[in-house]
Amino acid sequence: MMDFKAGEDFISTLRARRSIYHLGKADVKDEEIESYLREIFSSVPSSFNARAQRILLLLGNQNLLFWRDLVPAALKERYEDHPEAEDAWTKRRGLCDSFSKGNGTILFFSDSKVGSGLKETFTEYEPAIDRFLAQEVGMDEYAMWLGLSKIGMGASLQHFLGLETAVRAAYNVNPDWVLDAQMPFGSIEKAPAVKDRAQAPEHFRVVK
Ligand SMILES: Cc1cc2nc3c(=O)[nH]c(=O)nc-3n(C[C@H](O)[C@H](O)[C@H](O)COP(=O)(O)O)c2cc1C
């Protein structure tokens with residue numbers, strides 16, 4: 001018999017995950033977070049089980065340095081020649097400040113070399129491999145986001161652009177790794193507003 005009670009618990013877990021932008025320091029050891037996130041990471045599937053996903057976990061002072069120094073410097077450079085983007089920068093400065101107060105940040109990458117290898121080996125699937133890699137990184141992101149939410153930690157998914165060069169230099173990251181997103185996490189300092197989840201009929205169709 002199907003266990004729909006367990007299904008309801010699962011849906012509650014999904015619903016509890018939100019984008020949390022106001023972070024503080026949760027009372028948890030770095031080692032506990034690290035091993036928890038490692039377990040989640042190793043449970044996420046990948047196409048052909050090729051494991052092209054890569055993670056860089058910034059904890060403690062490295063999280064502070066990332067959001068206080070590295071990201072603002074990279075963004076300033078990006079917006080320097082675009083004074084009209086000053087507004088965007090001002091908004092992001094507030095986010096950087098909040099994220100710097102959290103426990104850590106997960107940086108998500110795909111290893112493009114694994115992708116090239118898959119294209120050579122599975123020629124029939126060559127046109128789909130880039131899509132597969134993007135999906136895999138998205139699965140990592142969602143799994144970790146849910147996992148953090150499940151233990152009471154707040155997180156959000158960020159796509160700050162133009163960070164690759166600074167990230168590669170700061171953490172000696174393999175040039176084949178393509179940065180997809182950043183996930184700052186910490187204690188929840190402000191509850192998120194309710195968001196519209198309504199579905200139009202054409203968003204989910206059933207044909208029997
Ligand atoms: C693929 C993807 C990319 C996103 N990129 C960003 C982003 O760059 N910055 C941000 O603040 N939120 C980003 N979000 C978060 C969404 O805006 C957010 O999940 C959505 O509004 C629903 O709100 P909730 O997360 O509180 O449920 C992204 C979400 C997804 C799924």
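A polar side-chain atom of Lys195 sits 2.7 Å from an oxygen atom of the ligand, a polar contact in the sense of a pair of N or O atoms within 3.5 Å (inside the protein, one atom must also be able to donate a hydrogen and the other to accept it, and residues adjacent in sequence count only if both atoms are side-chain atoms). This is a predicted model, where local features need pLDDT of at least 70 and side-chain atom pairs count only at pLDDT 80 or more, while totals for chains, interfaces and linings use all residues. Residues are numbered from 1 along each chain as its sequence is written, and side-chain values use heavy atoms, with hydrogens and water left out.

Here are the ligand contacts side by side.

| Side chain | Ligand atom | Distance |
|---|---|---|
| Lys195 | oxygen | 2.7 Å |
| His159 | nitrogen | 2.9 Å |
| Gln158 | oxygen | 3.1 Å |

On its own, the ligand has 620 Å² of accessible area, and the protein covers 58% of that (Shrake-Rupley method, 1.4 Å probe; for residues, only the protein chains shown count as cover). Around the ligand, with a heavy atom within 4 Å of it, you'll find residues including Arg17, Arg18, Tyr21, Trp145 and Arg197. The shell splits into 3 nonpolar, 3 polar and 4 charged residues.

Now for Gln182, which belongs to strand S5 (strands are DSSP E runs of at least two residues, helices H or I runs of at least four, numbered from the N terminus). Gln182 counts as buried because its relative accessible area is 1% (buried is under 20%, exposed over 50%, partly exposed in between, with a 1.4 Å probe and protein chains only). A polar atom of the Gln182 side chain lies 2.9 Å from the backbone nitrogen of Phe160.

Asn49, however, has a positive phi near 50°, and Asn172 has one near 55°. Asn49 lies in the loop between helix H2 (30-43) and strand S2 (53-59); with a relative accessible area of 57%, Asn49 is exposed. Asn172 is in the loop between helix H7 (164-171) and strand S5 (177-188), and its 71% makes it exposed too.

Definitions and conventions. Nonpolar A, V, L, I, M, F, W, Y, C, P; charged D, E, K, R; others polar.
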